[in-house]
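Please take a moment to look over the sequence and the model below before reading on. The paragraphs that follow go from a metal site to its surroundings, and then to the chain as a whole.

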Amino acid sequence: MRKPSSAKFGTEIECPACEGTGFPTVVQPAEPGRKIYPAPCKKCLGKGRLARELK
Ligand SMILES: [Zn+2]
């Protein structure tokens, strides 16, 4: 008997807040030479993944 292993959807899921990028989408200013460095996603702490909640 074998269980199908789903490594992709094991214990972590893609963070819905940042879509797995680890950084929330920010609006870049129109000013040339300036760039916003977004803080890491608060939900996943920049990892882009969240531990799946087992209910
Ligand atoms: Zn996130």
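In sequence, the residues that donate to the zinc ion follow the spacing C-x2-C-x22-C-x2-C. This is a predicted model, in which local features need pLDDT of at least 70 and side-chain atom pairs count only at pLDDT 80 or more, whereas totals for chains, interfaces and linings use all residues. Residues are numbered from 1 along each chain as its sequence is written, and side-chain values use heavy atoms, with hydrogens and water left out.

The protein donors of the zinc ion are the SG atoms of Cys15, Cys18, Cys41 and Cys44, which lie 2.3 to 2.4 Å from the metal; donors here are N, O and S atoms within 2.8 Å of the metal (3.2 Å for Na, K and Ca), and since water is not among the atoms, sites may look incomplete. The arrangement is tetrahedral because the four donor atoms subtend angles of 103 to 115° around the zinc ion, the requirement for four donors being that all angles lie between 85 and 135 degrees.

Leaving aside residues up to four places away in sequence, Cys18 touches Phe23, Pro24, Cys41, Cys44 and Gly48, where contact means heavy atoms within 4.5 Å. The largest nonpolar core has five residues in all, namely Cys15, Cys18, Cys41, Cys44 and Leu50; such a core is a set of buried Ala, Val, Leu, Ile, Met, Phe, Trp, Tyr and Cys residues joined through side-chain atoms within 4.5 Å.

The structure also holds one salt bridge, in which the side chains of Glu12 and Arg49 meet at 3.4 Å, N to O. The pair links distant parts of the chain, with Glu12 in strand E1 (residues 12–14) and Arg49 in strand E2 (residues 49–51), 37 residues apart. A salt bridge is a side-chain nitrogen of Lys or Arg within 4 Å of a carboxyl oxygen of Asp or Glu. Glu12 is partly exposed because its relative accessibility is 30%, and Arg49 is partly exposed with a relative accessible area of 43%.

Taken as a whole, the chain has zero helices and two strands, helices (H or I, at least four residues) and strands (E, at least two) being DSSP runs numbered from the N terminus. Of the 55 residues in the chain, 13% are buried.

Notes
Four donors count as tetrahedral if all angles lie between 85 and 135 degrees; four count as square planar and six as octahedral if opposite donors are over 155 degrees apart and all others between 65 and 115; anything else is irregular. Buried means under 20% relative accessible area, exposed over 50%, partly exposed in between (1.4 Å probe, protein chains only).
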